[in-house]
Amino acid sequence: MHTLTNGLGAYAGPVALAGEGPVTAVTASGITAYAWLLVALPALGAAILLVGGKRTNAFGPLLATLLSWGSFVVGLLVVISMAGRADADRAAHLHLFSWINVGSFNLDAGQRLDPLSMAFVLLITFVGSLIHVYSLGYMKDDPDKRKFFAYLNLFVAAMLLLVTADSYLLLYVGWEGVGLASWLLIGFWNDNPAYATAANKAFIANRVGDLGLSVAIMIMFFQFGHVDFASVDAGAANASPGALTAMGLFLLLGACGKSAQFPLQSWLGDAMAGPTPVSALIHAATMVTAGVYLVVRSHAIFEGSPTAQLVVVIVGAITLLFGAVVGCAKDDMKKALAASTMSQIGYMMLAAGLGPVGYVFAIFHLLTHGFFKAGMFLGAGSVMHGMNDQVNMRRFGGLRTVMTITWATFMMGWLAILGVPPFAGYWSKDKIIEAAFIGEGWRPWVFGLAALIGAGITAFYMSRLFFMTFHGKKRWTEDIHHPHESPLTMTIPMMVLAFGSVVLGAILGFGQTSLLQSWLNPVFGITAGTEGEPVLPANLLLGLTLVLVLAGAGLAWVRYVRDVVPEIAPHGNLVTQAARNDLYQDAVNEGALMRPGIHLTRSLVFTDTRGIDGAASGLGALVIGASTRLRKLQNGYVRSYALTMLAGVVIILGAVWVMQ
Amino acid sequence: MNQFPWLTLMGLVPLVGAIVVWVLPAGLAPRAKQIALGFSLVTLALTVAAALTFSPHSTAQFQLVEQHQWIPQFGVSYALGVDGIALALILMATILTPICLLAAWHDLPGEEGTSREKNYFALMLVLETFMVGVFAATDVFLFYVFFEAMLIPVYFLIGQYGGQRRQAAAVKFLVFSLAGGLIMLAAVIGLYTQGPGGVDGFLVQKLTGLHLSESTGRLLFLGFFIAFAVKAPMFPVHTWLPDAATEAKPATAVLLVGVLDKVGTYGMIRFCLQLFPEASKWATPVVIVLAVISVLYGALLAIGQTDIMRLISYTSISHFGFIVLGIFAMTTTGGAGATLYMVNHGFTTAALFLFAAMLVNRRGSKRIEDFGGWQRVTPLLAGSFLVAGLSGLALPGLGAFIAEFLTLVGTFQRYQVAAVIATIGIILAALYILLMFKKMMTGPKPDLAKGTPDLGAREKWVVVPLIALFLVLGFYPKPVMDIINPAIRTTLGYVGVTDPASVVTVADPAQPTTGVTK
Amino acid sequence: MSLSHYIYLATILFSIGAVTVLLRRNAIIVFMGVELMLNATNLAFVTFARVHGTLDGQVIALFVMVVAAAEVVVGLAIIMAIFRARRSASVDSANLMKL
């Protein structure tokens, strides 16, 4: 590993341009120079567990957990050293090794350690490590436990590579790495064919997104001749709006794939086939938010293209409503949470598309969401653990008494996502709603209202989920399910995350210039006072939001606590049915892509064997046929040969005579 | 001019090995494979030693040069030499040969120690000789001789040792190749008449930069290109490949698809581009279209296959489309990407074919639907197969990704639409690999007779080097790139093209400056 | 006497020989037709040698005679062999060259 740090001195770090904000990166030194350990530690864990095989069964899971915590410690130390520096010197660059060097394409592998990436690093390593601990309990009896931890470590390594990469191409490596880990983990119990299909669906939807990311990188190279962040940021200032729009839209396509945004959202619900810790870590807290990271990281491109920004906002708004509507109808606890994740990421996208006013809130909501959603997923896992892997909420009810800790921690997450003050969601989501109302013309009204209504629906379906699971009459029987509280390895992570759901918002978001804002400021270079005012007074918005949230929660209380919840889902009206079927997204995909695709491949296979190969074989048959006929001339009669010779000679002589 | 004859030696050692194996007395016949493996390893060692003497900074196009008169009356010389492209491909071929020999260890069950088995290994060594020769030849006629001579061992390897329809497949392969080769022969002779002539008139250097008339140049280009397109194989002359690769023994299929077909794409760089720059540019639009069709067509057909070996063959057609795309983009990035792709594709295909063959041997069927749940039967093998498949779909972190990406980026610099359409190939690649993996490996554990073994020690020696190569080429491809780069620059110098400049000039981040010039 | 008469004679002899070869079935007769054609050409060669006043034609005529003699030996031997094997000298019954 020495080679990794050797090149340090040679790289002075990219230097930003005037007017582009203080993105100057200094060469990494001190503890920051060891930031490669962030990626290396979990990668090492994955390698040991996968290569070591059965020999590591005994200690593997513990080792993986320790290495993940090791990564967190490194991250924490880097953040501490970063906090000790002046604003301008916070972004560090760590040169790793010479990676690709062909023709005009020169790219070194390196890490960019700035406040933005370190915010992610802390989230990923902390939540990731907690979920490692949780999994020690949750996966205790699984025969493939070692593999599970190997994949988890692989995921953490890839995710950290994604957020610390210094170029789009290295980011792409991490991007696909998390995709691979996600595929492996969704299909972890792939002896169930449906789960294997779900894994494939996720990977392929992500690949559609990857097409976008690939093309975006190609455009960057075409435009700027480089694909590292520093050069792209620098070049964006001088690029044409058309090029920036193209880049922005293709990046957005990539982000949509990874973050399950409209129209590539359909895989996330099925991805719940994976073990619940995976859903918590990958499909709620970290991986699915990578799209938001990509958009925020590419802010220089999006700021140069209002069109692309508008599309980001539209996608975010559609998805946040889409997810919220779907979430209202799901009876599968994990799928309802997945729909909620989709919706919450829609909020982040919307914020990220708003421009400088929204970046900080997008990241803020991403961090708080990482805590409360992971906490709730772990809670769901705890419920499933105690309920014999039942996920149908119509079979739950009244679990408050048997799973007190789960109930309490889940409640913190529930209050946080509702945005009840002073829980975490209040600080981040309400800010996004407020920011959505900033602007001119029709936009603040449309997007602001979408965000506002979304908050109300969120309150309804999250309360529905919470009440159906923990309150009301019990709809389970002792002999089928033996509900019990989970062991400490599982409840402690839940408690930690619940604590975070309570206080994280206030810690990061309190005050005129919040902690997070001042931390991230060097990255975006936002100057104070340029944010503008919402079209409605902020206090009115706050009030409206709270009213809507209370209304949503109240409605849920009426329907799912006061009224009796039927154990068999009622038929429901058309809207409910549509929402239950994910608003027919699968049917659309199937009709528009899958069936035509199957027909296309079948007909092509036919064409290839009959048509193209047939043409070649036909040529052969033609030659054989012609030879068969020509062969008849060779009849074996000497006299006819002699005649042929004579005729030939006469013709030649005649020809000579005519020529003369 | 003549230094230590590395290249001759690299060709000679396997040939000697083949003869030794062939004449082996009956008593020693069971040792044939060990001896063959030994000779191939010596060849590999020689190649590595030769590669170490290769200097990427040399100004001459070819290094390790040897030149002797052969048929001076016709200007034919025995001339060998390598540039970075050829060296990389020779390295790939000599790495793959021992791996294939090892994988072919028990290819002829029930015939251990027979002369038929002896001949099998001897033929593979003969093939190695020709593979080295064809990449090392710097005399056009000598290249042609090797180009055609390669067909002989492959014909026998398919026709004698293949599956049930081996004869038909072997003949199909031979006819396609000979048809292409014949057209090329005409072009080779035509090219000589246009050249300066003399006792070494067939040397590549003598034939580079000729002032050909427009129509002559184009006709000669077509003669070469058609032969290479058949070999590569490109749509629509690809249909021999699935048959040949399916009927052949897996080790033969690897050498056929992984190495021999590269002669086609290698020939496009070395002969089409270098000798006929004008005609190459003239043909580019058509070639680019055909390449894009190959990419998508091969991938779509792969999705529709029910036979695993055929599926792998069709993925290769798709990958060759990428390679041709990169070559004819005529940018340094695309060219280097294509060359890197050739090397990576060799290893990827080898892994896919050989690992699939291990599964087929255990199951006794090539039909994908006869598998299912094999992840629980042979976890190590399934995992290895997954890694090979991921390399096939060019997952970042594995070597094929960098190659594919550079190819596409290089293409994008000139042909944006073609590059974007070809990028759809990455989605299709995910489909054909993952659908196959799902059908074969996932699902409930099948009811098989107990004792289906997982990877054995010999098989591990096949698997580990290939996977190690994927990872090395994925994260640290610099050594290979360093030798490829100058060769690509030289070739494109002959073509007379320079990379398009980026639209916006951005200061090189390696030299920190603050302004941006437009 | 004009030398062209020799040429006419040679042509007539050649035609008779050719017709014999084409029409008759008995191998011996066919053979005789071949000999007749050979001698007709010999006559033509000698004639042209006379016309041009060179020896080339005569030399070739001598070569033809030598070759014809050798050919007769081989040819008759083959005919004898076929006759012994098949009890017939008809050329039509000997079509073994047919595929």
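Colleague: Happy to look at this with you! In which order do the elements of chain C run from the N terminus on?

Modeller: Please bear in mind that this is a predicted model. Chain C holds 3 helices and 0 strands. Read from the N terminus on, its elements run α-α-α.

Colleague: Thanks! Why is chain C described as more spread out than a compact globule?

Modeller: For 99 residues, the globule rule gives 13 Å. Chain C is well over that value, so it counts as more spread out than a compact globule, with a radius of gyration of 16 Å. Along the principal axes, its C-alpha atoms fill a box of roughly 50 × 25 × 25 Å.

Colleague: What percentage of the 99 residues in chain C is buried?

Modeller: Being buried here takes 20 or more other C-beta atoms within 10 Å of a residue's own. Among the 99 residues of chain C, the buried share is 15%.

Colleague: And which chains share the most contacts?

Modeller: Let's start with a pair that can be set aside: chain B and chain C do not touch, and their nearest C-alpha atoms are 23 Å apart. There are 2 pairs of chains in contact, and the one sharing the most contacts is chains A and B.

Colleague: Turning to chain A, which residue is the bridge partner of Ser98(A) in strand 3?

Modeller: Strand 2 (residues 92–102) of chain A pairs with strand 3 of chain A in the antiparallel sense, over 9 bridges. The two strands form a hairpin with 2 residues between them, and Gly103(A) in the turn has a positive phi of about 45 degrees. Strand 3 (residues 105–113) is mostly covered, with 8 of its 9 residues buried. Within strand 3, the partner of Ser98(A) is Asp108(A).

Colleague: How many Å apart in space are Leu449(A) and Pro537(A), C-alpha to C-alpha?

Modeller: In sequence, 88 residues separate Leu449(A) and Pro537(A). In space, their C-alpha to C-alpha distance is 14 Å.

Colleague: One last thing: how many Å apart do the C-alpha centres of domain 1 and domain 2 of chain A lie?

Modeller: The domain assignment of chain A places domain 1 at 374–575 and domain 2 at 605–659. Between the C-alpha centres of these two domains, the distance is 84 Å.

Conventions: Residues are numbered from 1 along each chain as its sequence is written. Chains are lettered from A and ligands numbered from 1 in the order in which they are written. This is a predicted model: local features need pLDDT of at least 70, side-chain atom pairs count only at pLDDT 80 or more; totals for chains, interfaces and linings use all residues. Helices (H or I, at least four residues) and strands (E, at least two) are DSSP runs, numbered from the N terminus. The radius of gyration is taken over C-alpha atoms; the globule rule is 2.2 Å times the number of residues to the power 0.38. A residue is buried if 20 or more other C-beta atoms lie within 10 Å of its own, exposed if 12 or fewer, and partly exposed in between; C-beta atoms are placed from the backbone. Two residues are in contact if their C-beta atoms, placed from the backbone, lie within 7 Å. Two strands pair if DSSP finds at least two bridges between them. Domain bounds come from an automatic or database domain assignment.
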